[in-house]
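Student: I have a structure to read and some things to ask. Can we take it in short steps?

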Amino acid sequence: MKARLRVDLRLQCAFAVLVVVFGIAGARDTALIQAATYGALYAVVAIGLSLLLGNTNLISIGQAGFFAIGAYAVAYLTASVTWPAGVTPGAQFLVASVLGTLIAGVLGLALGIIALRFSGPYLAMATLAFDAIVIGLLRYVPAFGGVSGITNVPYPIFGSITLSGPNAYWYAWLLVAVAAAATTAMLRGRIGRALEAIRNDPLAAEVVGIPVRRYTVGVFAYAGALAGLAGTFYASFLGLVVPDAVGVTVSIDILLMVILGGSGTVSGAILGAAVIAFTNLYGHSYQNLRPIAYGIAVICVAIFLPHGLVGLLWHRRNVKATVAPVDVPPAPGQTAHAKPQATTPWLEVRGVSKHFGGLVAVDNVSFALENGTVTALIGPNGAGKTTLFNAIDGVVHADTGTILVAGRDVTAWEPHRIARLGVARSFQSARLFGDMTVAENVATSAFATSGRTFDVGAALTRFGIASLRETPARDLAFGDRRRVELARSAAGRPDLLLLDEPAAGLNALERERLRTDIESLRGDGITVLLIEHDMQLVMDVSDRVIVLEFGSVIADGLPREVQTNPAVIEAYLGASA
Amino acid sequence: MIQLLVAGLTVGSTYALVALGIHIILRATRAINFAQGDFVVLGGLFALSFVSQLHVNIWVALLGSTALGFVLGALYERFILRAAARVNEGAVMIASIGTVYVLLYGHALIWGNEPQPLPTFSSAQQVQLGGATIAVQSIWVIALLAVMLAVLYVFFERTVYGKAIRAAANDPIGARLAGINVDRARSVSAAISIALATFAGTIVGPITLVGGSNGITITVKGFVGAILGGLASPIGCTAGGLLVGLIETLLGSRFAHDLVDPLVYAILLVVLLVRPQGLFGGRRIVRD
Amino acid sequence: MTERLIVRDLDAGYGRLQILRGVSLEVGVGEFVAVLGANGAGKTTLLRAISRSEARTMRGSVVFEGSDITALPTEAIVQRGLLHVPEGRRLFTDLSVDDNLRLGGFLRSRAQVESAVDEVYERFPALTARRRSIAFALSGGEQQMLAIGRALVAKPLLLMLDEPSTGLAPRVVESIFAIIASLRAEGTSILLVEQNARLTLRFADRAYILEHGEISLSGQAAELAADPRVQAIYLGGHSNAPR
């Protein structure tokens with residue numbers, strides 16, 4: 001993530017210099033300057049789409065629809081509406097531009113809400129349909145001038161400054177600079193970290209406390225607003241707008257700009273827009289060859305350069321796994337359990353059931369955890385353990401029954417809200433954010449701990465992964481992935497920690513390390529619920545063991561009791577002959 | 001009324017075959033092929049070349065165009081879709097959009113920008129039916145659609161290889177463990193899908209003219225049909241495609257031309273929101 | 001040579017993750033061999049590595065009927081008579097029971113398939129009644145029978161089964177095991193991966209115990225059934241459970 005942002009910023013600075021040099025050196029070539037001006041406006045649209053595509057993996061083929069809304073808002077309001085005397089053309093433009101941007105943003109919000117329900121091709125088609133509807137209505141409603149559009153859009157004049165003509169080049173690129181700066185600031189801050197996490201793994205992002213839906217809708221609205229904003233300038237620069245100039249093919253062009261340049265980066269969007277703008281200008285003599293070459297380039301980029309041209313500069317192929325040495329800290333001895341902070345149990349499960357189709361995954365399960373203890377949840381494959389975890393932290397919702405976290409009914413809550421109550425969780429398959437470094441991964445626990453302070457460095461040291469600090473998570477060896485996930489779950493000092501098979505895939509030394517880690521977390525007063533198949537670990541570390549079979553609790557007690565319980569033995573070994 | 005019905009079914013035939021083609025590729029490779037409509041256009045142009053360059057009968061041209069589509073589909077899957085699938089689902093979608101450009105401007109380069117006429121399948125042009133005048137070619141389109149659907153039905157329901165293709169789409173790992181070459185089944189699926197597209201382009205060519213730049217519109221209308229009927233069900237896709245043709249024709253007789261497409265797309269949005277599995281049910285296969 | 005399958009020093013896993021470490025085992029002609037172990041021990045990975053489906057073989061060799069199949073594609077392994085009934089059964093849920101069985105004989109001639117399918121219906125009368133319904137609609141036990149039946153249509157020399165007892169009622173499990181035993185009696189070699197240790201050890205000839213991707217124990221089924229270490233592996237050490 002860091003490498004990408006660094007390259008992105010440097011490229012943006014380089015582009016800024018290029019834009020200035022080009023604007024001065026090329027001032028005499030009006031065709032060239034004009035192409036660069038419209039290229040800039042498409043770049044603004046592309047920046048929004050790049051954010052959307054690169055950070056949420058949602059593909060929109062409807063951005064020209066927002067662009068059209070902005071353009072027509074300005075064209076209609078400044079050319080067809082009679083304003084009260086005294087309102088200058090400049091002021092008219094400002095009002096119309098703000099309005100157009102707002103409408104586009106609100107419609108983006110609406111599409112974003114639709115996007116929450118669909119993914120992939122459905123969403124792509126829905127956005128395409130949105131664009132086609134917008135264009136169709138613009139053609140149909142007489143006030144918008146039908147196929148011939150709206151002409152005579154006045155140039156916005158602010159005192160001695162006129163937003164048009166050769167100078168438009170500078171204003172257009174100024175707009176790009178503003179959009180780029182705003183977007184870059186977002187990407188480099190908390191929002192950027194949240195979006196990066198969402199892009200890598202939406203479920204894990206939700207579980208560390210990031211409201212994925214809110215961010216998704218927000219990015220959609222932002223991308224829509226940027227497209228609308230660019231549209232408002234387009235209409236006034238050109239002095240006219242026709243429906244065909246903002247149609248579905250423009251949407252596809254913009255999508256391809258982002259793909260070509262590299263989604264997820266601002267510079268990629270600008271590069272893609274510039275490449276297209278200039279090939280359009282110089283390619284005129286090769287009428288059909290140009291788009292064919294363009295199509296082939298897109299196919300090649302999709303297959304060989306999934307991070308686009310800009311990706312060449314920051315994206316490395318997978319490197320050999322970096323490994324941190326495993327040292328087992330001295331056993332803490334008989335841990336002095338921290339005093340439970342509350343008499344209310346951190347977790348209480350009351351009569352919870354969950355069905356999938358005809359299959360009963362969890363069947364009327366009830367238990368309450370004693371604060372500051374380690375409880376293991378064991379049972380044969382398919383017993384419903386992970387489903388129960390998912391119900392507890394909101395990844396699925398129980399059909400019946402109640403989940404109480406610190407006394408609050410969270411049964412219908414979304415995972416990020418439950419996370420913010422102090423519930424952390426690890427996954428069977430160690431779901432890390434692959435493109436983020438180890439330190440960045442651990443730092444995402446900040447999303448669940450708004451208000452409370454925590455120290456990433458201390459967490460890394462505590463789990464013995466300080467040497468991996470700057471390693472991208474996707475380059476980690478498996479055992480280290482587990483440790484990083486444990487550090488990410490524990491760094492925010494949760495009250496309740498759910499660990500799903502933390503020992504799976506670990507070697508003997510790593511398992512030993514895990515055992516001491518769990519004991520030390522308990523020493524901090526954290527309540528742990530553990531799914532594990534490594535019975536040695538379960539028996540060593542647990543204060544209590546709950547056994548599930550076919551979704552029901554068949555035993556619940558001290559490790560030693562459970563080990564000798566005939567029902568448990570039968571569940572694991574089969575009925576004796 | 002009959003006139004409207006026949007016109008609607010004729011338009012809908014293309015959409016039905018496109019929807020079916022999208023369904024078959026989606027099933028086999030989990031990819032939405034945005035280039036489906038451009039292959040339809042290409043099919044008409046293939047037929048045109050067969051007729052005007054090789055001077056063969058239009059029926060031979062239909063066979064030739066369909067066969068070329070089959071070969072092209074297999075190559076398309078092998079060299080573009082499969083390679084992009086190794087990256088991710090989004091890459092497949094993007095690659096197919098790139099293909100739209102290549103096809104759209106590729107055929108403009110070879111055959112020119114202007115739509116051109118294709119000979120009808122029989123010399124009789126019009127026929128009276130229940131007081132309405134019907135184009136004979138429309139009857140050919142509907143009849144040939146029926147024949148193609150019957151062929152597909154027999155292939156997928158009655159032959160071992162057809163069932164093996166369905167099995168490979170249903171559970172690729174299970175299919176491999178039963179000895180089915182899943183990669184080849186995917187290629188054949190794409191080949192069939194694209195053959196359907198070029199077939200459609202040929203049979204409607206005499207009515208719509210061949211060539212032109214409306215491939216993406218055909219894709220989208222076909223997709224609307226597929227969603228309307230249910231993307232997961234082949235029968236739903238076919239019915240949905242025909243339905244879109246009927247709706248479009250009906251709307252076209254009532255409303256201004258510019259309003260028809262937005263209305264059709266509005267129906268798509270409503271169906272997506274209210275009944276994403278489509279009107280004709282079926283389990284959802286894409287989301288989740 | 002009476003060994004049908006010889007696995008030597010097998011390392012296997014997924015992507016970068018190694019699950020199996022140096023696993024070696026043999027299955028003889030007409031022998032019923034079980035691989036036991038707790039969840040996550042690597043049992044499923046072992047079968048996947050042998051049939052070259054999903055798992056990745058990193059090192060070691062697999063020899064079947066005297067020829068090295070370590071690097072063959074799955075279809076070629078099936079062609080040689082090594083069939084894998086995978087975890088989760090992997091039926092063609094959209095197709096009918098009859099179609100599922102017929103596709104099991106995809107690589108065989110039509111006549112061979114006809115008679116093999118008839119044999120399967122004789123062996124599993126419950127399937128005969130449901131030959132027209134889609135596999136999705138079957139009960140868990142019927143699905144397991146269908147999965148085994150589909151593999152049998154290919155006339156396997158060696159049948160690998162991955163936890164056929166999962167999610168089934170005890171009575172159904174018993175009947176599935178009885179069928180497996182009868183297959184063995186007819187000369188088909190069996191490699192069974194199971195969690196249900198007691199039942200498996202009653203039917204199997206020999207067994208291997210897999211622990212954290214390595215074979216920790218092996219021997220005759222009867223001996224292992226009496227070995228307290230087996231229970232310890234499942235339920236943790238220091239066990240004082242009745243032997």
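Student: Is C:Asp9 buried or exposed?
Tutor: This is a predicted model, where local features need pLDDT of at least 70, side-chain atom pairs count only at pLDDT 80 or more, and totals for chains, interfaces and linings use all residues. Residues are numbered from 1 along each chain as its sequence is written, and chains are lettered from A and ligands numbered from 1 in the order in which they are written. A residue is buried if 20 or more other C-beta atoms, placed from the backbone, lie within 10 Å of its own, exposed if 12 or fewer, and partly exposed in between. C:Asp9 has 12 such atoms within 10 Å, so C:Asp9 is exposed.

Student: Where is C:Asp9 found, and near what value is its phi?
Tutor: Helices (H or I, at least four residues) and strands (E, at least two) are DSSP runs, numbered from the N terminus. C:Asp9 is found in strand β1 (residues 3-14) of chain C. Most residues other than glycine have a negative phi. C:Asp9 has a positive phi, near 45 degrees.

Student: Which loop holds B:His55, and is that residue buried or exposed?
Tutor: B:His55 sits in the loop between α2 (36-52) and α3 (58-85) of chain B. Its phi is positive too, near 55 degrees. Count the other C-beta atoms within 10 Å: there are 8, so B:His55 is exposed.

Student: How many residues of α8 in chain B are buried?
Tutor: Helix α8 (residues 182-208) of chain B has 27 residues. This helix is mostly covered. The buried count is 24 of 27.

Student: What does α8(B) reach from its first C-alpha to its last, and where is its kink?
Tutor: The expected span is 1.5 Å times one less than the number of residues. The kink of about 30 degrees comes shortly before the proline B:Pro206, at B:Thr202.

Student: Which residue just after α8(B) takes a positive phi?
Tutor: Look just past the end of α8(B). The phi there is about 70 degrees, and the residue is B:Leu209.

Student: What do the buried residues of α11(B) pack against?
Tutor: Helix α11 (residues 257-274) of chain B has 18 residues and reaches 27 Å, close to the 26 Å expected. Its buried residues include B:Val260, B:Tyr265 and B:Leu268. They pack against α9 (215-229) and α10 of chain B, together with α5 of chain A.

Student: Which element gives the largest share of the side of chain A that touches chain B?
Tutor: Two residues are in contact if their C-beta atoms, placed from the backbone, lie within 7 Å. By that rule, 34 residues of chain A are in contact with 36 residues of chain B. Elements giving two or more residues to the chain A side are α5 (120-140), α10 (248-261) and α12 (289-304). The largest share, 14 residues, comes from α5(A).

Student: How many residues of that side of chain A are nonpolar?
Tutor: Ala, Val, Leu, Ile, Met, Phe, Trp, Tyr, Cys and Pro count as nonpolar, Asp, Glu, Lys and Arg as charged, and the others, Gly among them, as polar. The side of chain A that touches chain B has one charged residue and six polar. The nonpolar number is 27.

Student: Which element of chain B gives the most to the side that touches chain C?
Tutor: Here 15 residues of chain B are in contact with 23 residues of chain C. On the chain B side, α6 (160-170) and α7 (172-177) each supply at least two residues. With six residues, the most comes from α6(B).

Student: How do the axes of α6(B) and α3(C) cross, and what is that arrangement called?
Tutor: Axes are lines fitted to C-alpha atoms, for helices over the stretch in contact, and angles run from 0 to 180 degrees between N-to-C directions. Angles under 35 degrees count as roughly parallel, over 145 as roughly antiparallel, 65 to 115 as roughly perpendicular and the rest as oblique. The axes of α6(B) and helix α3 (residues 97-104) of chain C come within 10 Å and cross at roughly 100 degrees. That makes α6(B) and α3(C) roughly perpendicular.

Methods. Bend = angle between axes of the 7 residues up to and from the residue.
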